[in-house]
Amino acid sequence: MSGANPFLDPARQAELYGHASRLAGRSNALMRAKTSGRPVPDTIVRLVRAHHQQADKLGLVLDVGCGRGTSSLALAQQLRPQRVLGLDAAPALIEQALHRAQRLPDIPVSFLLGNFHQLPLPAQSFDVAVAAFCLYHSPQPQTVVAEMKRVLAPGGLAVLVTKGLDSYWEMDQLVAAAGLDPRAEQHESLYISAHSGNLADLAAASLDVRAVEHEEHRFTFDGHDHVAEYLATNPKYDLAPGLYGSPGALAATLHEFLPDRPLTTKSLVTFVVAQSGGGRL
């Protein structure tokens, strides 16, 4: 990888999200490493309940950039609105979300393929709109927030979630030290477009910000094999041919150049709660 930030490069989206297994592999490796920090979907639910006076009588809930549907399913199960609609631009991820939802036939959730810059949805039709770990995939995240505002009913609630700019910097150090990518620590943050430092301002351009919360999440990877599962589909680094997408080859290289030991890293997760005008919560 070189040149444009991969999260903001349209030419790389098919590579990154053309197969749901790549995102699943990276996410599963990260979640197995997690040692502190509340589950993000649970925190979103808590914030909705705290800031929406009719949280027990919600109509439609929108999950923008829903990915494999993890947050969508949790919102549907815990909030029990009339329906949760998950939207994503990657067909493979929507297909995986639909497959996961089929195992829970009584859950009020559905999924839609769509562009979050132009939501294919009617104005003022949702009580809640969530955008978790997706705004940094847009070069114009303020446009996405404006679209969320458009589809929210008066007084509707938006919950935005992102990461700190320096999330997982210990992983950058490891990749550089192993010679996998000597410039690993110089690459632009994947979260440059929408990060912990600017998320509230992005929300405030279209919505009334009600609350901002920061929480540090910590992760400890067991060793090189575990790290390699995460690195294999992480697009941030310029890896040698044959290493990207190959956990075994990555692990072998790490074992060759560095003593095997656990790796602890962290990420600042930021939640912004904001309200659409025209009503009070």
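1. Buried means under 20% relative accessible area, exposed means over 50%, and partly exposed lies in between, with a 1.4 Å probe and protein chains only. Tyrosine 168 lies in the loop between strand S6 (152–163) and helix H7, where helices (H or I, at least four residues) and strands (E, at least two) are DSSP runs numbered from the N terminus. Although tyrosine 168 is not a glycine, it has a positive phi of about 65°.

2. The model is predicted, so that local features need pLDDT of at least 70 and side-chain atom pairs count only at pLDDT 80 or more, while totals for chains, interfaces and linings use all residues. Residues are numbered from 1 along each chain as its sequence is written, and side-chain values use heavy atoms, with hydrogens and water left out.

3. Arginine 80 also has a positive phi, of about 50°, without being a glycine. Arginine 80 is found in the loop between helix H4 (70–79) and strand S3 (83–88), and with 49% relative accessibility it counts as partly exposed.

4. Aspartate 172 lies in helix H7 and is buried, its relative accessible area being 7%. Its side chain makes a polar contact (a pair of N or O atoms within 3.5 Å; within protein, one must be able to donate a hydrogen and the other to accept it, and residues adjacent in sequence count only if both atoms are side-chain atoms) with the side chain of tyrosine 237, at 2.5 Å. Leaving aside residues up to four places away in sequence, aspartate 172 touches Ala184, Glu185, Lys236 and Tyr237, contact being heavy atoms within 4.5 Å.

5. Helix H7 (residues 169–177) packs with H9 at an angle of about 105°, their axes being 12 Å apart; axes are lines fitted to C-alpha atoms, for helices over the stretch in contact, and angles run from 0 to 180 degrees between N-to-C directions. H7 is therefore roughly perpendicular to H9 (under 35 degrees is roughly parallel, over 145 roughly antiparallel, 65 to 115 roughly perpendicular and the rest oblique). Met171, Leu174 and Val175 of H7 meet Val227, Tyr230 and Leu231 of H9, a contact of six nonpolar, no polar and no charged residues. Here Ala, Val, Leu, Ile, Met, Phe, Trp, Tyr, Cys and Pro count as nonpolar, Asp, Glu, Lys and Arg as charged, and the others, Gly among them, as polar.

6. The axes of helix H2 (residues 20–33) and helix H9 (residues 224–231) come within 7 Å and cross at roughly 140°, so H2 and H9 are oblique to each other. Gly25, Arg26, Ala29, Leu30, Arg32 and Ala33 of H2 make the contact with His226, Glu229 and Tyr230 of H9, and these residues divide into four nonpolar, two polar and three charged.

7. H9 and helix H10 (residues 247–257) have axes that come within 8 Å and cross at roughly 135°, and they are therefore oblique to each other. From H9 the contact involves His224, Asp225, Val227, Ala228, Glu229 and Leu231, and from H10 it involves Pro247, Leu250, Ala251, Leu254 and His255; by class there are seven nonpolar, two polar and two charged residues.

8. Proline 39, in the loop between strand S1 (34–36) and helix H3 (40–51), is partly exposed, with a relative accessible area of 44%. Proline 39 and histidine 217 are 178 residues apart in sequence, and 9.6 Å apart in space from C-alpha to C-alpha.
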